[in-house]
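Take a first look at this protein chain before reading on. The points below are grouped by topic.

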Amino acid sequence: MSRTKICEANLTMEIAQLLLSLLHAWGLDPDLDKVCEGKLGLLRPMVPVSFGVVSKAGHMSLMLPTWQLCVERKEQFSTALPVDSSLPPELVALERLTRQFTAQTHWELSTSLTTNHLISIISLSSTLMSMNNASFVAEQERNRKLQRGQSFRNTANTLQKDEAVEEIMTAQQAQIKQGWSLLATLHCILLPDKVIQAGGRNFKRPQVEMMARRWQHHCLEVREAAQALLLAELGRIGSKGRKALVDYWAQYLPVFQPSETANTGTTGSNSQTPQSTGPAQSPDQMPVSHEDEEDEEEEGVEEFSFRKPSSASELKRKQTTAVVLMGVIGAEFGQDVSLDTKHPHLQARGTHREGERRKSSVVEGFGIGNNNLARHTSK
């Protein structure tokens, strides 16, 4: 029985090693790549990988080949890690394709792949970071056993030997935990900027809707990864992007009848139709914002087009997503108002115009003066 458990544990670690090795964004951070190979035991892919997704019906859909964009560009991929010139020309070309794919093209395929892969990497990294000596390097474990055995055989300075071994193990464990933390930070926060700096042309941002649906996932690690990734994405898109999300998703908030919310808590007869509440308006009536050119630019602002749900299950899913998104945006970014808009006596010369621009970009409905959307979300 114990041997079976050991085999299952080894198989689980091998699967985790394989997944992280294939999904890691190799080439974006050379220093982190050295840590992944030397301390964490990840394996750098030798060929580009063809990924796929699972459809709603449970069928596998492969995208073959996902690295075709690397060939179509026909450009030299610059990297800090030189390719061994002693290799045959075909292997050199394959190595360059692999490095370009892992650093750029992997994150330009689709938003669903980006979202699923980032959640997988962050959840696995956080799980391994919480474990003791969770490394895939087999030599480190053998060295620990060898050092511990030598310390028991030496009877003269046993205490000093044990203390030295414990210090070495503690330092190794700290390095391993830091490595997993750096890996999670790269994919949760730094990835979009790193891909663009490496020459990426069309980074596919993670889907806000997919992360919101996993906000309360039954698996704790997936739940925490989705929450961290969603908060990072909401912060990255800026106030304009968050306002666009609110304008779109507020239409899907379920509408409750006052009598029913007090008695049964069920939705009213008009709850099956997405309606705009508070500042949210229908797509045809959404105001077009004409900001000053001096206003700071916000990257990642996305335009949404309203589409009526085709089924009751889809409507329910969108309503749940809307409640989560409105709650998160309201709790984390709802009070994003500068002090000069509240206290006129603090305004210096030239700051009034800046305060007006800030007002126009703040998400309405969550502030102290206007909290209609916040009240409706809380119901």
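What follows is a short briefing on a predicted model. The chain has 13 helices and 2 strands. Buried residues make up 37% of its 379 residues.

**Confidence**

- The average pLDDT of the chain is 74. A score of at least 70 is reached by 63% of the residues.
- Residues 261-300 have a pLDDT below 50. Beyond near neighbours in sequence, this stretch still has 74 contacts in the model.
- Residues 357-362 also have a pLDDT below 50. That stretch has 12 contacts beyond near neighbours in sequence.
- Where pLDDT is low, the predicted coordinates should not be read in detail.

**Contacts along the chain**

**Helix α4**

- Helix α4 covers residues 89-103, which is 15 residues.
- The buried residues of α4 are V92, E95, L97, T98, R99, Q100, F101, T102 and A103.

**Helix α5**

- Helix α5 covers residues 111-129 and has 19 residues.
- From first C-alpha to last, α5 reaches 27 Å. That is close to the 27 Å expected at 1.5 Å a residue.
- Buried residues of α5 include L113, H117, I121 and L128. Others among them are T114, T115, L118, I119, I122, S123 and S125.

**The cavity**

- How many cavities of 30 Å³ or more does the structure hold? It holds 1.
- The largest cavity has about 40 Å³ of space.
- Which element gives the most to the lining of the largest cavity? Helix α4 does, with 3 residues.
- T98, F101 and T102 are among the lining residues, and these three are also buried residues of α4.
- The lining also includes L22, P45, V47, P48, V49, F51 and H106.

**Cysteines**

- A disulfide is a covalent bond between the sulfur atoms of two cysteines.
- A search of the whole structure finds 0 disulfides.
- Is C36 buried or exposed? Buried means under 20% relative accessible area. C36 has 0%, so C36 is buried.
- C188 has a relative accessible area of 14%, so C188 is buried too.

Note on methods
Residues are numbered from 1 along each chain as its sequence is written. This is a predicted model: local features need pLDDT of at least 70, side-chain atom pairs count only at pLDDT 80 or more; totals for chains, interfaces and linings use all residues. Side-chain values use heavy atoms; hydrogens and water are left out. A disulfide is a pair of cysteine sulfur atoms within 2.5 Å. Buried means under 20% relative accessible area, exposed over 50%, partly exposed in between (1.4 Å probe, protein chains only). pLDDT is the predictor's confidence in each residue, from 0 to 100. Contact means heavy atoms within 4.5 Å. Helices (H or I, at least four residues) and strands (E, at least two) are DSSP runs, numbered from the N terminus. The expected span of a helix is 1.5 Å times one less than its number of residues. On a 1 Å grid over the protein atoms alone, a cavity is a set of points where a 1.4 Å probe fits but cannot get out, and a pocket is an open set with protein on both sides within 12 Å along at least five of seven lines; lining residues have an atom within 4 Å of a point. Grid points are joined across faces, edges and corners, and a volume is the space filled by probe spheres set on the points.
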